[in-house]
Amino acid sequence: MRRTIFTEEHELFRETARTFYLRECAPYAEQWERDGQVSRAAWAAAGKAGLIGWEFPEEYGGQGIRDFRYNAIMAEEMAATSSVGIGLGLQNDVIPPYLMNLTTPEQKARWLPGVIGGETICALALSEPSAGSDLKGIRTTARRDGDEWVIDGSKTFITNGILADLVVVACKTDPEAGHKGISLIVVERGTEGFERGRKLDKVGMKAQDTAELFFHEVRVPAENLIGQEGRGFYHMMGNLPTERLAIAVSSLAAAERAYALALEYAKTRTAFGQPIGEFQANRFALADIRAKLNVARVYVDSCIMALLQGELTADEAAAAKYWTSETGWEVIDRCMQLFGGYGYVNEYEIARIWRDSRVQRVFGGTSEIMLEIIGRSLGL
């Protein structure tokens, strides 16, 4: 279907993004998967190309453009070019509200130039071994000691955990106050007591480093607190709709890539003297997939425009995340089936897409949590 949400400027940006991915990422995808992380050189190249932090003010090196359509283009082109692992989605989709809306001018001047330039890689440390979707249950603490915060605890499933230079950490600054005692504190690379744990051996997303983080009497300046003390839970909740829409965009982009691969394979792979796409079962499967992707595309694009207009609600974002991650997984699994035994061989891109996409139903809030959010919006 013809999409109507993009302007000519967006399409020029898409060309820049595609060129970057084809030149700086796609050729190294297999190596990055073997290494378990991407090269920092790719981050620097992204910064040089203006593909990081465009919404930050120009005085810090950004472009002052707050338009989620650019975020969507980055995710779509990453899937379309078979690029893997580079956590620009986190840097552009998730981190900006924290560093833009919750920081002081001094903090912006200290951190944003490096973030925008690709020299400073960010991570968001929320999840813990005993607290995933239940952010109220975090146990990491930060106590005030003069002009410093002293942080103790651990985090897990942290994207960019190994490469990160700047980590936004959710801490209990008032353990007796429940969710009203959570604050957000920035910890920087090299701080004494801040240690990286295991690089987690995941089923998929092999090139994206995901790690455990440990904090042992980590002392950071008091001015590393961002937002309001005790309001961290509300800051996080306010940012989740955008994060969930970003996951929806990525889920749909991956499913569309899988469909493109399967359609081409169905036209060129022969069995019993004819292309496999000519068998009714396969033709109907591809037709069903095309219809589902069209419907998902219309809804996701409408959510993108709702976000742009300041109208996207938490339940609408949850619905987008739920539908695209669940439907995307169904689509990708069916596309993989069309490849037969070849689909289960790692050298085929469809196998990697299948592995990488399973987690979309988990991170950013599981599908069950999304249904709970949607259900509550119904007054139930």
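Modeller: A charge sits over a ring if NZ of Lys or CZ of Arg is within 6 Å of the ring centre and within 35 degrees of the ring normal. The model discussed here is predicted.

Biologist: Which arginine lies over the face of tryptophan 329?
Modeller: In this predicted model, the ring centre of tryptophan 329 is the reference point, and the distance from it is 5.8 Å. The cut-off for a charge over a ring is within 6 Å of the centre. The residue that lies over the face of tryptophan 329 is arginine 358.

Biologist: How far from the ring centre of tryptophan 149 is the charged end of arginine 144?
Modeller: The charged end of arginine 144 sits over the ring of tryptophan 149. Its distance from the centre of that ring is 5.5 Å.

Biologist: How many aromatic pairs does a search of the whole structure find, and how many residues apart are phenylalanine 13 and tryptophan 54?
Modeller: The search of the whole structure gives 12 aromatic pairs. One of them joins phenylalanine 13 and tryptophan 54 edge-to-face, with 5.4 Å centre to centre and 75° between the planes. This pair links distant parts of the chain, since phenylalanine 13 belongs to helix α1 (residues 8–25) and tryptophan 54 to the loop between α3 (40–48) and α4 (68–80), and their separation is 41 residues.

Biologist: Why does phenylalanine 233 count as buried?
Modeller: Buried means under 20% relative accessible area. Phenylalanine 233 therefore counts as buried, because its relative accessibility is 10%.

Notes. Residues are numbered from 1 along each chain as its sequence is written. This is a predicted model: local features need pLDDT of at least 70, side-chain atom pairs count only at pLDDT 80 or more; totals for chains, interfaces and linings use all residues. Side-chain values use heavy atoms; hydrogens and water are left out. Rings of Phe, Tyr and Trp (its six-membered ring) pair if their centres lie within 6.5 Å; planes under 30 degrees apart count as stacked, over 60 as edge-to-face and the rest as tilted. Helices (H or I, at least four residues) and strands (E, at least two) are DSSP runs, numbered from the N terminus. Buried means under 20% relative accessible area, exposed over 50%, partly exposed in between (1.4 Å probe, protein chains only).
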